[in-house]
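Here's a quick briefing to read with the model open in your viewer.

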Amino acid sequence: MVSSLAVQVGVIFAYLLVALAVGLVAYRLTDRAAEDYYLASRSLGTVVLLFTTFATLLSAFTFFGGPNLAYSAGPEWILVMGLMDGILFAILWYVLGYKQWLVGRARGYVTLGEMLGDRFGSTGLRALVAGISLFWLFPYIMLQQMGAGTAIVGLTEGAIPYWAGAALITVFMVVYVAAAGLRGVAWTDTVQGLFMLGIVWVAVIWVVSAIGGPAAAYTGFDADALALGGGLYTPQYIISTAVTIAFGVAMFPQINQRFFVAKSDRVLKRSFALWPVLVVLLFVPAFMLGTWAAGLGIDVPEGANVVPILLNEYTPVWFAALVIAGAMAAMMSSSDSMLLSGSSYLTRDLYRPLVDPDASEAKEGWVARVGVGVFAVGTFVASLFQPGSLIEIGDLAFSGFAQLTLPVLVSLYWTKTTRNGMYAGIVGSQAFYVLHSLGPLSATYFGWDAALYGMILGLVLTVGVSAVTSPAPDEKQATFTDGLSAD
Amino acid sequence: MTRQKRDYLWVVAFAVLVVFAVPWFLWGDSRIVAGLPLWLWWHIGWMGVASATFYAFTRGAWDRGMGVTRG
């Protein structure tokens, strides 16, 4: 008789090895030039683009943080996800993403900082945007490592310690990113996205049939426990969270860089229309598992995740391990995409313009890989301290990125935006948000998240300062509007 | 209908999608229908409506306001 620990470890390793094999095949097809390494030569088709973006959104939050919230506070988070990812992000996909695709195609940009730096004739702005992005990327990568660590502990009931789970995913993602580039990451994202979508439905069917239908799960609730709203979920909370996260997602390096990679606008159109359906297919089952666990009286210890415990209770050991493997794979694909994009921000927007403009391709590649290693080790060490819950840390990172979105949007559509306006909007909103999140000031005003006020401040400063200043001579005002073509 | 009027209709359509993504009129409702809370069924249906609307947008109004030349 094989012990359950051996089964769990075997399943997880087997899954990670399959993912690695896919990456290595992609690696053999990858050319080392930067445009291919980071953007897969702007050649991604609908399925791959959709799933690579989708899988990137799937993080420790989807399988652990979200169901935990549904367990403790009710399933209303599904509505937050619907408003945020299904609607607001889809609209941003068009308004911001399609516009960036057009501009990137016409001018050959690879990063957000490069695009803004060129338009406003400012290396400083380019470096600022890259630096801010890396700053907020740090907690988000740490979140994935924390998720992996707690998942392993929950699955093996502590037989494998927290640090080992976090370390496993760290090593895996560094090797992966260094080896495969975007083509490798995109291919495994597709495999993983499909796998997770399938497995979460199997998990739901399994649990529902084991308990004899969902009605059994509701008998454990008070009459109004499932009423919409109440407790954590105020209208202000739902709207603040959905808006800040949707706008934050659009500025995540790995998502934003995806806006440059579609093969044609057909790919973008199809992804845009399919987006809300994917959101329903994934988040409804994942979060309802957490809700049902609460009704079934599943006991979740402090700091543990509900999904592994629920699955261990109602499904065989190997299946629970497989779901955890899928979730770890999701975290890995989130993290390796993030590290890859982060490394392109580091080399193209910080290292090359500021440190060594004449660096060879080989040297740049070396800097990128060392940067990834250092960054991942840093987030790993920070994750050992578990400085907050998965939700808190995720929200911090999203809201930080969200401060960038409105200044960027203004600049893409309003040709009178000036460099001074951009500096004012970006620095002003970031300073405001840092003081309210990491600093001493209140996190909410009148129930609304401070991040939302920061976004409005950024918008007002960008427009206001642009209106009263005139452009510097080296600003190229027509960059984002003239000479764009779709075919 | 002029092109500009149609553009405004799209803005309105998107705004409606955003506003009713949360079924505010079911606030406090705790009915369970066919194994899920009633308000969750609204969410599922609404995401379907959103997908269909976005599809129609890609067919009829894509490129609006982007300053793109075709061909």
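What follows is a short tour, with the cut-offs given along the way.

This is a predicted model, so to speak: local features need pLDDT of at least 70 and side-chain atom pairs count only at pLDDT 80 or more, while totals for chains, interfaces and linings use all residues. Residues are numbered from 1 along each chain as its sequence is written, chains are lettered from A and ligands numbered from 1 in the order in which they are written, and side-chain values use heavy atoms, with hydrogens and water left out.

**The largest pocket**

- The largest pocket holds about 630 Å³ of space; a pocket here is an open set of points on a 1 Å grid over the protein atoms alone, where a 1.4 Å probe fits, with protein on both sides within 12 Å along at least five of seven lines. Points are joined across faces, edges and corners, and the volume is the space filled by probe spheres set on them.
- Its lining counts 34 residues, and the closest to the centre are A:Ile391, A:Glu392, A:Asp395, A:Leu396 and A:Asp449; a lining residue has an atom within 4 Å of a point.
- Helix α16(A) gives the largest share of that lining, eight residues. Helices are DSSP runs of H or I with at least four residues, strands are runs of E with at least two, and both are numbered from the N terminus.
- Chain A helices that each supply at least two lining residues include α5 (77–107), α7 (123–156) and α16 (390–413).
- By class, the lining has 19 nonpolar, eleven polar and four charged residues. Nonpolar covers Ala, Val, Leu, Ile, Met, Phe, Trp, Tyr, Cys and Pro, charged covers Asp, Glu, Lys and Arg, and the others, Gly among them, are polar.

**Chain B overall**

- Chain B has two helices and three strands, in the order α-β-β-α-β along the sequence.
- Its C-alpha trace spans about 50 × 20 × 20 Å along the principal axes.
- Of the 71 residues of chain B, 38% are buried, meaning under 20% relative accessible area (1.4 Å probe, protein chains only).

**B:Ser51**

- B:Ser51 sits in helix α2 (residues 38–60) of chain B and is buried, with a relative accessible area of 9%.
- B:Ser51 and B:Val16 are 35 residues apart in sequence and 13 Å apart in space, C-alpha to C-alpha.

Terms used. Buried means under 20% relative accessible area, exposed over 50%, partly exposed in between (1.4 Å probe, protein chains only).
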